[in-house]
Amino acid sequence: MKPDTSTVPARPPLADLQHDRDRDPGRTPLREKDRKKLRVMAVTVAIGLLLLCMKFGAYVLTHSDAILTDALESIVNVVAGLFALFSLYYASQPKDDNHPYGHGKMEFFSAGFEGGLICIAGVSMMGKAIYSFFHPPTIGALEWGALLTAVAGAVNYVLGRILIARGGRENSLLMIADGKHLISDTVSSIGLLLGLALIWLTGLKWLDQVIALLFGGVILRTGYHLITQSITSLLDEADYGRLGQLIAQLQANRRPQWIDIHNLRAIKFGSQLHVDCHLTLPWYQTLDWAHEQVSAVEDLIRRGDREDEEVEFFIHSDPCVMPSSCKVCQLDGCPHRQADLVQKIDWTLQNVLSN
């Protein structure tokens with residue numbers, strides 16, 4: 001006998017759902033949390049443009065290759081900031097049929113793009129410095145150049161600290177990466193000021209090219225680290241530190257009815273964390289009871305050390321297998337036990353990540 005489906009409303013076709021979303025794009029506005037991130041990044045880009053003009057003004061006054069390297073890196077800051085602004089907007093878009101896990105990985109791609117731009121700037125700086133060894137420019141007005149560089153470096157430091165703090169609260173790798181880039185720019189500016197002071201005190205103009213080569217190498221190293229971090233995030237490389245924290249949280253609050261947890265994975269999608277695992281439970285319990293246990297595991301992970309982080313779960317419940325599960329089961333009074341408890345197994349990275 002076929003079930004009566006006369007009262008069940010027909011599900012609209014997928015194409016109609018997509019058409020409705022396209023027709024009414026305002027149905028999924030940006031969250032206030034995402035708006036704040038975009039505002040912070042927009043202000044950072046605007047200030048970066050002002051600093052870029054200031055640093056090139058310092059180069060026009062001094063014709064110093066060391067100051068030029070600092071100005072060229074500011075171009076990278078602005079371009080990377082603009083791309084980061086777009087990436088944050090794209091990553092904040094809600095999940096859809098084509099992106100069921102959301103758009104958060106755009107942040108990782110943007111961080112890699114920024115790292116590539118930094119590497120290009122570093123190579124350009126070193127090339128210009130080598131050229132100037134053979135065709136040295138006339139250097140002058142070092143006092144004004146040093147003053148403008150100092151002001152720009154101080155502003156970059158403040159912006160960098162703000163971005164790192166905000167990125168830490170919002171779990172945004174992109175904002176943290178951009179903040180670290182600005183902090184490294186500040187460190188370069190401090191070294192540049194020391195180098196300009198040496199040139200002014202000693203009169204050795206060739207120190208300008210040496211300083212430019214050193215800073216080009218430092219900037220190249222910064223870009224390389226951003227690229228590698230971006231690649232590992234895009235390839236979902238396991239974060240054993242974070243996984244260890246999750247497992248320690250589960251072990252410390254373990255319930256006797258949670259016989260085993262295995263196949264644990266944690267994947268980052270921008271600021272969202274996706275966790276999936278298998279949870280072994282007594283085979284004779286109801287689906288409602290099993291659902292309560294799965295919800296308890298989810299709540300436990302959410303109560304971890306990053307309570308503001310968005311976490312998505314996919315927890316599969318497995319029935320215990322007798323008598324092998326009985327030998328490690330810590331549940332007292334089980335009416336179906338077929339073997340005594342032989343060993344209590346603590347959950348560790350080695351046994352929770354495997355199947």
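I started with the rings and found five aromatic pairs in the structure. A reminder to myself before going on: this is a predicted model.

**Entry 1, Phe83 and Phe113.** I looked up the geometry of this pair. The ring centres of Phe83 and Phe113 are 4.3 Å apart and the planes meet at 40 degrees, so I noted the pair as tilted. To be stacked, the planes would have to be under 30 degrees apart, and to be edge-to-face, over 60. Next I checked where the two residues sit. Phe83 belongs to helix 3 (residues 65-91) and Phe113 to helix 4 (residues 106-134), so this pair links distant parts of the chain, 30 residues apart. I also asked how exposed Phe113 is: its relative accessible area is 32%, which makes it partly exposed.

Which arrangement do the rings of Trp283 and Tyr284 take? I found them edge-to-face, with 5.7 Å from centre to centre and 90 degrees between the planes. Trp283 is partly exposed at 40% relative accessible area, and Tyr284 is partly exposed too, at 25%.

I then turned to Trp347. The charged end of Arg254 sits over its ring, 3.9 Å from the ring centre.

I checked the length of helix 9 (residues 287-302) next. Its 16 residues, at 1.5 Å a residue, should span 22 Å, and the end C-alpha atoms are 23 Å apart, which agrees. Then I listed what is buried in helix 9; among them are Trp289, Ala290, Gln293, Val294, Ala296, Val297, Leu300 and Ile301. I made a separate note of Glu298, a buried residue of helix 9 as well. For the spacing in that list, I reminded myself that an α-helix has 3.6 residues a turn, so residues three or four places apart point the same way. What covers the buried residues of helix 9? The cover includes helix 8 (240-252), strand 2 (272-281) and strand 3 (310-319).

I found Tyr157 in helix 5 (residues 142-170). Is Tyr157 buried or partly exposed? At 42% relative accessibility, Tyr157 counts as partly exposed. Setting aside neighbours within four places in sequence, I see Tyr157 in contact with Ile183 and Thr186. I also took the distance to Val187: 30 residues away in sequence, and 8.6 Å away in space from C-alpha to C-alpha.

I finished by stepping back. The protein chain has ten helices and three strands. Read from the N terminus, the order is α-α-α-α-α-α-α-α-β-β-α-β-α. Of the 355 residues, 42% are buried. The chain exposes about 19,100 Å², with 63% of that supplied by carbon and sulfur atoms. Last, I looked at contacts between residues at least 6 apart in sequence: 71% of them join residues at least 24 apart.

Definitions and conventions:
Residues are numbered from 1 along each chain as its sequence is written. This is a predicted model: local features need pLDDT of at least 70, side-chain atom pairs count only at pLDDT 80 or more; totals for chains, interfaces and linings use all residues. Side-chain values use heavy atoms; hydrogens and water are left out. Helices (H or I, at least four residues) and strands (E, at least two) are DSSP runs, numbered from the N terminus. Buried means under 20% relative accessible area, exposed over 50%, partly exposed in between (1.4 Å probe, protein chains only). Contact means heavy atoms within 4.5 Å. Accessible areas come from the Shrake-Rupley method with a 1.4 Å probe; for residues, only the protein chains shown count as cover. Rings of Phe, Tyr and Trp (its six-membered ring) pair if their centres lie within 6.5 Å; planes under 30 degrees apart count as stacked, over 60 as edge-to-face and the rest as tilted. A charge sits over a ring if NZ of Lys or CZ of Arg is within 6 Å of the ring centre and within 35 degrees of the ring normal. The expected span of a helix is 1.5 Å times one less than its number of residues.
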